[in-house]
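Welcome! Please take a look at the sequence and the model, then read on.

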Amino acid sequence: MRRTLSLAAAASVLLGSLAVFVSAQEPQGGAGRGAGARGGGAGGRQGGNPNATFPAQQRPAGDPALIARGNGLYGVNCRACHGVDLRGGDIGGPNLLRSQLALNDQEGELIGPVITGGRQTPGMPAMPPQPLPADDIKAIAAYIHSVQATMQGQGSPPAGARAELNILVGDAAAGQAYFKTNCSNCHSVTGDLQGIGGVTTDPVQLQNLWVGGGARGRGGRGAAASPDSAARRQVTVTVTTPNGQKVEGRLDRIDDFLVVLTTADGAQRSFGRNGDVPKVEVRDPLEAHRRLLGAYSDRDIHNVTAYLVTLK
Amino acid sequence: MTITRLFFTASLAVAPVLLLAQQPPSPQAAPYQPGLNPESIRKPLADSWPTYSGDYTSRRYSALTQVNQSTVKNLTLAWIARVAAANPQGGAGRGGGAGGGAAPVIVGGEGSGEFGGGGGVSVKGSILQVNDILYVTAPDNVWALDARDGRLLWQYYWKTKGGTHIGNRGAAMWNGYLFFETPDNYLVSLDARTGKERWHVEIADFDQQYFSTMAPIVVDNHVLVGTGNDLDAPGFLQSYDPETGKRQWIFYTVPMNAGDPGLETWPNLDAARHGGGQVWVPGSYDPETKLYIFGTGNPTPGYTGVGRKGDNLFTGSLVAVNVDTGKLAWYFQTAPHDTHDWDSAQTPILIDGTIDGKPRKLVSTAARNGYFFTVDRVTGAHVVTSRFGTYSNGFKGVRPSGSPDPDPAKDATVPGALVSPVEGGVTNWQPPAYSPDTGLFYVHEQNGFNMLYLTDPDPRGSMGLGGKLRVPVGDLDNFLTAIDYRTGKAAWKHKYPGGGSSAGMLTTAGRVLFTGDGSGNFVAFDATNGKILWHTRIGNISNAPQTYMVDGRQHVLVAVGDTLYAFRMY
């Protein structure tokens, strides 16, 4: 979850109501950040890597001059097959970042024999031997390890140069038609969504925002996408006690046993719940939006996004 | 009670004979120590809690009835104990919150402790209860507590080399020995009386970025261990000798050599050998067939399947191996060619049931992708497939084989795909339960949607769980769901008004179902219909509730982060 969260947070589109659910085998935020702080702060370690959990990231940084020389040698001798980013090449060189041998290697003692002796893998092109002196092999190994050290959490590759990806594959006219049919009962491009494409200029962010209904979910702490929307996103509740008294306010908390709300004068009230008593009516402005999640096709989504970006 | 005691007596009578057969023929072999006779794990779950799931069926169904539908309202707090990591320099930390005093602290480990994750202690696994002693674990830590009052008896601290400190699912016991796994991939054996280390052995390669969280499972003279990995390394289950720590066998969940079964479901051997399928949640054991049945993790790279076209056996599968040989007996794939990190490691439950009027030996599992399966546990033959995740949309349908058919349109795409469930799945490692009284399989159902973007469109595919952006866009109804194993249909559901729960399940012959509601309440439900019988607000449950008997009183034990709560009848 950690990586997902950090990316999402960066995009300011993290929509709430996330179940507190331990994603399988993934560090939770707290523990993961703790590890990162230690990894980054420990002297002699690979600085700046927030995921210094494993030896590839923990090992002491190599000599920059040696790494630079190794980079050059890699380019001449290895890159054609193993790729400029070490993640493998078109003609069959395996990914060195996840290679068992390259991960176990310390300073060329395992990589060296492969470089000088070549390698034969069934079903794969043979790796031709490269007659290189021991110093060069050490330099190449140091370079490979320096790249391994930049791998990110959960086996993700080094960040590298982020590809510019165009998510705007939809048909804006079709999106406009969809909007008119399905959205215009509640939303208006001259009202709450006026200029939305100019306010939220990143198409990914805009798409996440509208698909998620533009708020942080239950609890009413809305991330205002447009100025007048915050109030509309508040989850409210009406509690009707057995003697007919109605208490209304912002919903703070609800479970099977308790409902807590804040009334208009700022006072917090709580009521015990026992089945249907007292009567509790929750009004979540996002409820309708959430129900739509099961109905959208990806094509609808892409079309509507292509339309909304035009609303500058 | 009477039946339970009879079992106990019987097991004591046969114990010495069995031990002679199991122990290595060495004159130095340790004499019998008070502890857990491995034969006793075969008994139905009652007074103690001797293995991860209570017993080998993994039903988490206790025969105890003192706490039942009528009496559960009389549960009262017996004790609270807070567990804390030991200070690496020696002294106990905050350990033994319930009057710990000078309990011994044993320190082991191969590392500096520097890369220990930095988070606080959270108990996310099962707690053993043997001879009125509780054995509690968290990453790098084991605590022995008196089951009567939660008092700390000893604690063990492992100085780690690092690794992913996500959780520890518990310890295992064989006679007087304890076993647990560490995030830096050691199987550590302790003397259960003192916490003193007997030995530790490396069970997976730390350089390859394996990390180990599973609760070992003891079967006869085998200690079964699994590991985790996020960097495209092969998954495996291993068996170790409880006396010596020597490895007995290893079973890879992906093809590792030319000619291995399942290789035809991968484009090439290199892809298979980097194909994942980690074994990180304990399975179940059928003594009649000697089959250990477990679920396997997702294939890797997790989100970019372009380099691993095919069904990717035996990832995302129910797998049965012979416990003596480690050889595959059968498999059933519950998640062919997964591309969403929806693995199938969830604990399967053995059910002696009836299908079409005929008695059947079955195994059921509720998978992270939102599908429920029942198969024949002797042959692996398919019986039932159903979708229990109300909104799960990653599949085109169900194949004639009973496996769900993945929909490539719901892979990560550059413009984004709307997928349900979220990355954590409809369910996850949290243990389900099954009651033979009701015929119902209990599991939490978490429904939500992600926008899933491909951020690394490289034709070679990405690595690990990289190459994607997953953004939660809405949380839908979350339920406690009771599934009929014969049809896969929900007999009833309880909708949580406050969000979803990540607690595991416990059910009992008192027809009570215990779990957490995700809103900070520990709740007892009527196992027959989901009616709420009792609750207490102690915070969100971080493991699965358990129950045991001490001094003639039934206890219910549950963890909330670093704090254990024991309830008993007043």
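## A covered strand in chain B

Let us begin with strand β32 of chain B, residues 468–475, which is mostly covered: 8 of its 8 residues are buried. Buried here means under 20% relative accessible area, with exposed over 50% and partly exposed in between, using a 1.4 Å probe and protein chains only. Helices (H or I, at least four residues) and strands (E, at least two) are DSSP runs numbered from the N terminus.

The neighbour to look for is strand β31 of chain B, residues 448–454, which pairs with β32(B) in the antiparallel sense over 7 bridges. Two strands pair if DSSP finds at least two bridges between them. If you want one bridge to find on screen, F449(B) has G474(B) in β32(B) as its partner.

## How to read the model

This is a predicted model, in which local features need pLDDT of at least 70 and side-chain atom pairs count only at pLDDT 80 or more, while totals for chains, interfaces and linings use all residues. Residues are numbered from 1 along each chain as its sequence is written, chains are lettered from A and ligands numbered from 1 in the order in which they are written, and side-chain values use heavy atoms, leaving out hydrogens and water.

## Where the two chains meet

Chain A brings 74 residues to the contact and chain B brings 93 residues, where contact means heavy atoms within 4.5 Å. Between them the two chains bury about 6900 Å², with 55% of it on carbon and sulfur atoms. Buried area is the accessible area (1.4 Å probe) that two parts lose on being put together, summed over both.

The interface of chain A and chain B also holds 6 salt bridges, each being a side-chain nitrogen of Lys or Arg within 4 Å of a carboxyl oxygen of Asp or Glu. In one salt bridge, K410(B) meets D298(A), and the closest N and O atoms are 3.0 Å apart. Several elements give two or more residues to the side of chain A that touches chain B, including α1 (2–10), α2 (29–41) and α13 (298–308) of chain A. The most comes from α2(A), with 5 residues. By class, this side of chain A has 35 nonpolar, 24 polar and 15 charged residues. Ala, Val, Leu, Ile, Met, Phe, Trp, Tyr, Cys and Pro count as nonpolar, Asp, Glu, Lys and Arg as charged, and the others, Gly among them, as polar.

## An enclosed helix in chain A

Why is α13(A) described as largely enclosed by the rest of the structure? The reason is that 10 of its 11 residues are buried. Among them are D298(A), H302(A) and Y307(A). The cover over the buried residues of α13(A) includes α9 (172–182), α10 (196–199) and α11 of chain A, together with β28 and β31 of chain B.

## Backbone details worth a look

Most residues other than glycine have a negative phi, and most peptide bonds are trans. In the loop between α1 (2–22) and β1 (61–62) of chain B, S58(B) has a positive phi near 65 degrees. R60(B) is found in the loop between α1 and β1 of chain B, and its phi is positive too, at about 50 degrees. S58(B) is buried at a relative accessible area of 2%, and R60(B) is buried at 1%.

Chain B also has a cis peptide bond joining T300(B) and P301(B), with omega about -5 degrees. P301(B) sits in the loop between β19 (291–295) and β20 (317–322) of chain B. Another cis bond runs from S420(B) to P421(B), with omega near 5 degrees, and P421(B) lies in the loop between β28 (417–419) and β29 (433–435) of chain B.
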